[in-house]
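Notebook open. I am looking up packing, helix crossing and strand pairing in this model.

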Amino acid sequence: MLFGLAVLSALIWFGLIFFHGWFWQAGPILRPEPPGTSPADIMPDVTVVIPARDEAESIEVALSSLLTQDYAGRLSLILVNDRSEDGTGALARALPDPKGRLTVLDGADPEPGWSGKLWAVAQGVAEARRQQDANSGYILLTDADIVHAPEHISTLVAKAQTDRLHMVSEMVELQCESLAERALVPAFVFFFALLYPFAQVNNPKSRTAGAAGGTILIRRDMLAEIGWIDALKGALIDDCTLATCVKQAGGRLYLGHSCLARSIRPYPHAVDVWRMIARTAFVQLRYSPLFLVLTVLAMGVVWIAPGLIAVFGHGLTRWIGLGTWLVSTGSFVPTLRRFRLSPLWALTLPFVAIFYTAATIGSAVNHYRGRGVVWKNRAYTEAIPNDGRATPAATSATTSATTSASGAAAPEQVQTAQVPGGRG
């Protein structure tokens, strides 16, 4: 049995390394466009929608980075103050805005069937439509804890214009300073790329669709075609749901890493990362006990078994386990380099995988205890796992996996694992 497990794990890793979109490599990174590349007369209008609930610690620096964007076209910002109780709205209104770019909208309580963040985004997009009737230009969806370099929006628009893309999304740089962040956050990005290989997301012929909620630039006409934000109603993994809707409608996607935007939301302790994972892990498994069992088994075979076999196996079995373990840990090194961390952190990957698996189980426990998804003091105990595959605008079926925040995919893509980011 141990030899068979070693061979199975080795075969899985062979497929992941060579036939899974080169997920382990660094991934594409958007660089700033040279000055003068995009003349002002061809720069389309961009409306930035920022949902914010109790973001007093970050809202000033995040909004200031958007208000000072070096964008040649028309740029407007809509902050939706989502029933904050910490003065977020007042801080936003007090910011210097000499160009009159910012609108602060006090959001209403969520209507039945909506998650809080999506309801705030829907109100912001509705305000954008009131301000501009035409479905031309772009809408940028971002979070209230993201700081943008001055040239970020220009770079996003240039990418969309040059490659004729309908949606451009980036995984922003995540904070990685505390011990818990250094140990757990790089794996967050690594697992995300494992489920959503950037090369496959960016390939129009692939059915894989994914996005990172910190930065999503989408064409207004495409958003109108899929039914605006109403198409995502009930979704708690809203960014990937949006990507699925766009790709089903024939849209072209781009997903990459950002060097021009970074998150300033800290995760100082392991329990903070645990809560972030557990918030939506069981939702991604569509509340399925079967998918949960498959997830745990897959995590064991892919991440934990190789190291154990290398230690406790004998003869050929041990060598297979050792080789597989070296490959699995080595695949993590490019991600560690992106975070400017020592490659020695790769040795902790099996333990990190155990942590993510336990958090996923904890997510299921929370669900069955009636606690559901809790975020910003809101609980979604009856959330509908909308993954975008049943929207009226869809033009074809998709087999995008619905998976846990820790690892194993649903039967459509049993060879993958994932972690999403930027959920609310």
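I started at L242. Leaving out residues up to four places away in sequence, L242 touches L141, M167, I216, I218, L223, I226 and L232. Contact here means heavy atoms within 4.5 Å.

The model is predicted: local features need pLDDT of at least 70, side-chain atom pairs count only at pLDDT 80 or more, and totals for chains, interfaces and linings use all residues. Numbering runs from 1 along each chain as its sequence is written, and side-chain values use heavy atoms, with hydrogens and water left out.

Next, the cores. I take a nonpolar core as a set of buried Ala, Val, Leu, Ile, Met, Phe, Trp, Tyr and Cys residues joined through side-chain atoms within 4.5 Å. Buried is under 20% relative accessible area, exposed is over 50%, and partly exposed is in between (1.4 Å probe, protein chains only). The largest nonpolar core has 74 residues, and L242, W303 and Y356 touch the most other members. Helix α6 (residues 179–195) gives the most to this core, 11 residues. I also found a second, separate core of 29 residues, which includes Y71, L102, A144 and A160.

Helices and strands are DSSP runs numbered from the N terminus (helices H or I, at least four residues; strands E, at least two).

How do α6 and α15 cross? The axes of α6 and helix α15 (residues 349–368) come within 10 Å and cross at roughly 80°. I fitted axes as lines to C-alpha atoms, for helices over the stretch in contact, with angles from 0 to 180 degrees between N-to-C directions. The pair is therefore roughly perpendicular, a label for 65 to 115 degrees; under 35 is roughly parallel, over 145 roughly antiparallel, and the rest oblique. From α6 the contact uses A183, L184, A187, F188, F190 and F191; from α15, L349, V352, F355 and Y356.

Then strand β3 (residues 75–81). Seven of its seven residues are buried. L75, L77, L79 and N81 point one way, S76, I78 and V80 the other. Strand β2 (residues 46–52) runs parallel to β3, joined by seven bridges. Pairing needs at least two DSSP bridges between strands. T47 has S76 of β3 as its bridge partner.

Last, L156, in helix α5 (residues 152–163). Is L156 buried or exposed? L156 counts as buried because its relative accessibility is 1%. L30 is 126 residues from L156 in sequence, yet 7.8 Å away, C-alpha to C-alpha. Beyond four places in sequence, L156 touches L30, L140, V168, E170, T215 and L217.
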